[in-house]
Amino acid sequence: MNLSSLSFTAQHLVAPIYSTLPSAAIRGKSADSVAIEGCNLNFSFTARQTKDVQALRDCSLRIPSGQFWMLLGPNGCGKSTLLKILAGLLTPSSGTVYVKEPKSFVFQNPDHQVVMPTVDSDVAFGLGKINLANDEVRSRVSQALHAVGLADYMKRSVQTLSGGQKQRVAIAGALAEACKVLLLDELTTFLDETDQVGVIKAVRNCLDTSEEVTALWVTHRLEELEYADGAIYMEDGKVVMHGDVTSIRRFIKARQSAYINQINS
C-alpha cells in the first residue's frame, strides 16, 4: 500500500511509542552496538514571505549496527529532512546526532550521482580520494558489484542501464568506499516493479553478507517492510513509533483504518 495516498495528520500526537526490540539477534545480526542515533532533533526553515516552518520536532531514534531499518510516514512528515540531517547535509536547529563513519547518502534519482561512463569507473570514482594500489581498487570494485548483483556489468556503459541498475551502481560505489552506514532516500520511487525489487534485495544482500554495514531506507511503500529488521514511523515532523516491523505495520494499518472511518463518518 502506498502511504502517499494518506494525507492525514494526527490531531493529538503522543510521545514516541517504542515497541520492544529483541535483545539478541534480528536476522542473525547483533543488536548490541549502535550505528545511528539522534536525540531531540529539531529543524526549521524559512519559507518565502512566511515565518519559520518547523519540519522536525524533538525527533529521537536509535538503530543497531548491522541492521536494515526503514523510515516511513505520510508525504511531508519530515522523513527526507531527518535523513539529510543524519547524512550531514542539513544542520539541526537543536539536538544531537551520531552516525558511524564512514557514511554515504544515496539520492532518490541515481542520475544525480552516477557520473562516469562505465559501471566499474563509476564505482571506483570515489576511491580516487583514497591512496590505494590499483589491485586494491579493482578488488573493492569487484566485491562491491558482486554484493549488489552486478558482477557481470563491470564494463557496461552506464547509459545502457535501467534506473534500478543505476541505483545499485550508486550503492556499490558506497560499499567500495567501505561505508559503515547507508542512508537511502526513497530509492524505488521512480522505478518499475522489477527494478524496485532488485534494488531493495541488493541492499538486503549487502547487510546479510556483512555485519559491518547498517542501512536506513526512507520509503512510502508499506510492502517494503518485509525486507526490514526494524522501522520508524513519523507524522507531522515527529517520530511517533520506533521498533519492530510487525508492531509498526500493525500501527500504520490502524492509523489508516481510523482515518478512513473518520472521512466516511
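Tutor: Start with one term: two residues are in contact when heavy atoms of theirs lie within 4.5 Å. Keep in mind that this is a predicted model.

Student: How many helices and strands does the protein chain have?

Tutor: The protein chain has six helices and 12 strands. Of its 265 residues, 49% are buried. Take contacts between residues at least 6 apart in sequence: 73% of these join residues at least 24 apart.

Student: How do I read a pair of packed helices?

Tutor: Two values describe such a pair: the angle between the axes and the distance between them. Take H4 and H5, where H5 spans residues 193–209. Their axes come within 8 Å and cross at roughly 15°.

Student: What does that angle make H4 relative to H5?

Tutor: Angles under 35 degrees count as roughly parallel, so H4 is roughly parallel to H5. The crossing of H4 and H5 is right-handed.

Student: Which residues of H4 and H5 meet?

Tutor: From H4 come Gly163, Gly164, Gln165, Gln167, Arg168, Ile171 and Leu175. From H5 come Asp195, Gly198, Val199, Ala202, Val203 and Cys206. By class, this contact has six nonpolar, five polar and two charged residues.

Student: At what angle do H3 and H4 cross?

Tutor: H3 covers residues 134–147 and H4 covers residues 163–176. Their axes also come within 8 Å, but they cross at roughly 135°. That angle makes H3 oblique to H4. This crossing, too, is right-handed. Arg140, Ala144, Leu145 and Ala147 of H3 touch Ala172, Leu175 and Ala176 of H4. The H3–H4 contact holds six nonpolar residues, no polar ones and one charged.

Student: Now a strand residue. Is Thr214 buried or exposed?

Tutor: Thr214 is buried, at a relative accessible area of 1%. Thr214 sits in strand E10, residues 214–218.

Student: Which backbone atom does the Thr214 side chain reach?

Tutor: The Thr214 side chain reaches the backbone nitrogen of Gly66, at 2.7 Å. Gly66 is also one of the residues that Thr214 touches, leaving out those up to four places away in sequence.

Student: How do I judge whether a whole helix is covered? How many residues of H1 are buried?

Tutor: Count its buried residues. H1, residues 79–87, has seven buried out of nine, and is mostly covered. The buried ones are Lys79, Thr81, Leu82, Leu83, Ile85, Leu86 and Ala87.

Student: What comes just after H1?

Tutor: Gly88 follows, with a positive phi of about 85°.

Methods. Residues are numbered from 1 along each chain as its sequence is written. This is a predicted model: local features need pLDDT of at least 70, side-chain atom pairs count only at pLDDT 80 or more; totals for chains, interfaces and linings use all residues. Side-chain values use heavy atoms; hydrogens and water are left out. Axes are lines fitted to C-alpha atoms, for helices over the stretch in contact, and angles run from 0 to 180 degrees between N-to-C directions. Helices (H or I, at least four residues) and strands (E, at least two) are DSSP runs, numbered from the N terminus. Angles under 35 degrees count as roughly parallel, over 145 as roughly antiparallel, 65 to 115 as roughly perpendicular and the rest as oblique. A crossing is left-handed if the near helix is turned anticlockwise from the far one by less than a right angle, and right-handed if clockwise. Ala, Val, Leu, Ile, Met, Phe, Trp, Tyr, Cys and Pro count as nonpolar, Asp, Glu, Lys and Arg as charged, and the others, Gly among them, as polar. Buried means under 20% relative accessible area, exposed over 50%, partly exposed in between (1.4 Å probe, protein chains only). A polar contact is a pair of N or O atoms within 3.5 Å; within protein, one must be able to donate a hydrogen and the other to accept it, and residues adjacent in sequence count only if both atoms are side-chain atoms.
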